[in-house]
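Grab your viewer and a pencil. Here are a few exercises to work through, each with its solution spelled out.

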Amino acid sequence: MTPPAQIYKYDLRDSITKRRLVGFWRMMTGFRGLYAWAVVALGVSAAANTASFLVVRYFVDEALPNREMHPSIPLIALAFVVLAAGQGVFSYLSGRAASKTSESLALRLRNTMFDHIQRLSFTYHDKMQTGELISRSTSDVDAIRRFFSEQAIGIGRIIILFSINLGALLALHAPLALISVVVVPVIVVISLFFFKRVSDRYELLQEQEAKLSTTLQENLSGVRVVKAFARQDYERNKFEKDNWEQYNRGRNFMLMHALFWPFTDIICFFQIIGGYFLAATMVMNGELTLGTYLAYVSLLGWIINPMRNLGRLIVQMSTGMVSYNRVMDVIRQEQEALTTGSAPTNRDLRGDVAFEDVSFEYEKDNPVLKDISFAVKAGQSVALLGSTGSGKTSMVSLLPRFYDYTYGKITIDGIELRDYPRHYLRKQIGIVEQEPFLFSRSIRENIAYGVGREVSDDEVYAAARAAAAHDFILTFPEGYNTLVGERGVTLSGGQKQRVALARTFLKNPHILILDDATSSVDSETEDMIRQALLRLMKGRTTFIIAHRIQTVMHADLILVFDKGEIVQRGTHRELLAHEGGIYRRIYDLQSRIEEEVEKEIASVL
Ligand code: TTP
Ligand code: MG
């Protein structure tokens, strides 16, 4: 089965409004007809039900008093069968339409939510907790689904049941009918009173649930750290505390619910008993026939019980409304514009890159890059060296526009970076991240991930060879089909890095960024990768971040970073010539260590 077509012709952002019921109405785009049908079918079913009470009345009042077999009795029997069948069939049809509507709406909501979330900016994801986003895309979407599947249709049902049965009752006996619904306004007022209270408590509950799922999710991703530091007890206490808070908030929420029930139950109870009593008295006084009494008793039940449910639904609706706000808070966030930009995108980047006085801050007034200026020609390589936290990763993440710089100007091929659509830049620029992430899929799928088309085995192997990954991949029994991560083998840090390298090599980008891409591999492997890189880097601009002088020494331009600034620049030779400079100091330190190691090895041999 394929999803209904109207699922995708919809932009959830259209449903953003302060008036939440209007928002729900807009959310139903494409499904209103089906939903209306669900309500109509329900109405038919209810009418059949009501009609059967009237047939009872006719049977008791008209057919039964006759001694002989009344000619209408077979007809009455037939009417009962037809009405019962009609009630059942239409009730089923209504349920089917309602479930299709609500499930489709939930399906669409989850899809659009997922898609929206993955299009939000890095800045948003940096701030928003994963658990919070998960809880909003699951638990809150589910509350909205319940709104459609139970609450909205339930309210439609109640209005229909109430009107049809009240109509029948009015036709039977108007004064009795009016007396029988005196409590209805009271129930509505009580429901509205509880509505606000329940929704406040539900909001607190959802907030806590998100917190709890963040705690859980962090604990699971960090399970190695927890175990390594033997902090299970600490983590359990932390979780227990959050969980206890969840318990309390859940209890408060349910308590409000529990408080609501007795109120309406008692009111409805008195109404029903009072109605029965009144009608019975009227029968005894000869003001009401027995058949009418029987019909009345059934009809009254079918008026009052829905009213009780109305209260419940109004109160439950508050949860859907709270969830609406929580979902819309995410939907309201501006998506990263991926395709807008005036720069031409029909050709590949050449790769001239220039920074002019670029400053950048993640948070206001806390610059992590200050007045960065340099320029490289297409095909050149730039190496970035510097202490941890000096801003190297931040600098290169400006190029694919993961973040937009605060001041200054960056140009690629002479065009301001902001004029390039992000999508285009990210296709043209390949980045091997400092902490590469692999999906729980096969190694082959991971390597082919960035290409976006079918790739041949030979292409995959070539990329893996260049990343010095081919040989280790073949040592696994299943080779390239080996599953990575939680469902398969856990790769070592260096293996992961090489698969990530292969992934970027295969993408064949015009600007290549390697953020500490060989930090986890041994010197011999690094040497192999460097040879492959020298071939690969030909004709493309490359940024290499590394801590080893050996890795950076061949670059056309070396930038030495310190606290967000470039403190030294030049080629390996120029920088070495600068006695007392940072570069020279790092060089001396690293060669001294190497010499010592060599001496050590020599002495052992
Ligand atoms: P980085 O740019 O990550 O520093 P680095 O890449 O030079 O360090 P390393 O060699 O260890 O990889 O960070 C510079 C500063 O920016 C640092 O103080 C942390 C801060 N920062 C953020 O606030 N948010 C971010 O997303 C990142 C990546 C860094
Ligand atoms: Mg870094």
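**Exercise 1.** At what angle do helix α1 (residues 20-27) and α5 pack, and how far apart are their axes?

*Solution.* Some ground rules come before the steps. This is a predicted model, where local features need pLDDT of at least 70 and side-chain atom pairs count only at pLDDT 80 or more, while totals for chains, interfaces and linings use all residues. Residues are numbered from 1 along each chain as its sequence is written, chains are lettered from A and ligands numbered from 1 in the order in which they are written, and side-chain values use heavy atoms, with hydrogens and water left out.

Step 1: take the helices as DSSP runs (H or I, at least four residues; strands are E, at least two), numbered from the N terminus. For α1 and α5 that gives about 80°, with the axes 12 Å apart. Step 3: α1 and α5 are therefore roughly perpendicular to each other (65 to 115 degrees; under 35 is roughly parallel, over 145 roughly antiparallel, the rest oblique).

**Exercise 2.** Find which residues of α1 and α5 meet.

*Solution.* Look for contacts (heavy atoms within 4.5 Å). From α1 come Leu-21, Phe-24 and Met-27, and they meet Ile-144, Phe-147 and Phe-148 of α5. Sort them by class (Ala, Val, Leu, Ile, Met, Phe, Trp, Tyr, Cys and Pro are nonpolar; Asp, Glu, Lys and Arg charged; the others, Gly among them, polar): the contact has six nonpolar residues, no polar and no charged ones.

**Exercise 3.** Work out which residues line the second largest cavity, and which helix gives the largest share.

*Solution.* On a 1 Å grid over the protein atoms alone, a cavity is a set of points where a 1.4 Å probe fits but cannot get out, and lining residues have an atom within 4 Å of a point. The volume, the space filled by probe spheres set on points joined across faces, edges and corners, comes to about 60 Å³ here. Among the lining residues are Met-27, Ile-144 and Phe-148, which also turn up in the α1 and α5 contact. The largest share, four residues, is from α3.

**Exercise 4.** What ties Arg-136 to Asp-329?

*Solution.* A salt bridge (side-chain nitrogen of Lys or Arg within 4 Å of a carboxyl oxygen of Asp or Glu), with the closest N and O atoms 3.8 Å apart. Arg-136 sits in α5 and Asp-329 in α10 (residues 290-331), so the pair ties together parts 193 residues apart in sequence.

Notes. 1 Å grid on protein atoms, 1.4 Å probe; cavity = no way out; pocket = protein on both sides within 12 Å on 5 of 7 lines; lining within 4 Å. Axes fitted to C-alpha atoms, helices over the stretch in contact; angles between N-to-C directions.
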